[in-house]
Amino acid sequence: SPDNKYADDIKQLINGALANHKKVAMGLTGVYMVSYEELQTINKDINFCNWIALCLTIMVFWIAFRLLSAPLLAMAPVIMAIVITLSMVRLTVGHLNLITSIFGVVLLCLGIDYSIHILSHYTDVSMKDVSPRRRIYLTLTHCGQGLITSAVTTSLAFFTLMIAGFR
């Protein structure tokens, strides 16, 4: 956000001034700076959580499905959804705040369920003799309606965040 740029610019000015005066101590304080530094720490921690969640999810897919392609198949649509969502956050809100910064990990955890259902049904033992094309058709006709219903209800839950004033 523009406010973060100002805080960073002021910190650079202070560091530049301190470089010439080694015996002088300077810093920034106050409600704004404490809030700014807390937000920086929270964003860094949430980013770390996003990476941990991603790595653990990939590991679980490798273990559960015993397919090297399973994590890629499962994560591609979820990662695309996260990128689109965070892009929309950037366009509408302008920056990540405390609430919007958790969207990545929430979407990963919610979105991966759809991939689990689809991959579980697709790799079902009872369909081993079925052609891949037919298996995809059977998977989507068997799971599709439930997944669409789930996606609509989850979307409506996220839609309520649009009416919340959290900018």
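Lys11 is partly exposed, at 29% relative accessibility. Partly exposed lies between buried, under 20% relative accessible area, and exposed, over 50% (1.4 Å probe, protein chains only). The model is predicted: local features need pLDDT of at least 70, side-chain atom pairs count only at pLDDT 80 or more, and totals for chains, interfaces and linings use all residues. Residues are numbered from 1 along each chain as its sequence is written, and side-chain values use heavy atoms, with hydrogens and water left out.

The side chain of Lys11 forms a salt bridge with that of Glu37, at 3.5 Å from N to O. This pairing joins distant parts of the chain, 26 residues apart: Lys11 lies in helix α1 (residues 2-20) and Glu37 in helix α2 (residues 31-65). Glu37 is also partly exposed, with a relative accessible area of 38%. The structure holds 1 salt bridge (a side-chain nitrogen of Lys or Arg within 4 Å of a carboxyl oxygen of Asp or Glu). Helices are DSSP runs of H or I with at least four residues, numbered from the N terminus.

Helix α2 has 35 residues. Its span from first to last C-alpha is 50 Å, close to the 51 Å expected. The expected span is 1.5 Å times one less than the number of residues. Buried residues in α2 include Met33, Tyr36, Ile46 and Phe65. Just after α2, Arg66 takes a positive phi of about 55°.

Thr57 also belongs to α2. Thr57 is buried, at 15% relative accessible area. Neighbours within four places in sequence aside, Thr57 is in contact (heavy atoms within 4.5 Å) with Met75, Leu108 and Ile112.

Key:
Helix = DSSP H or I, 4+ residues; strand = E, 2+ residues; numbered from the N terminus.
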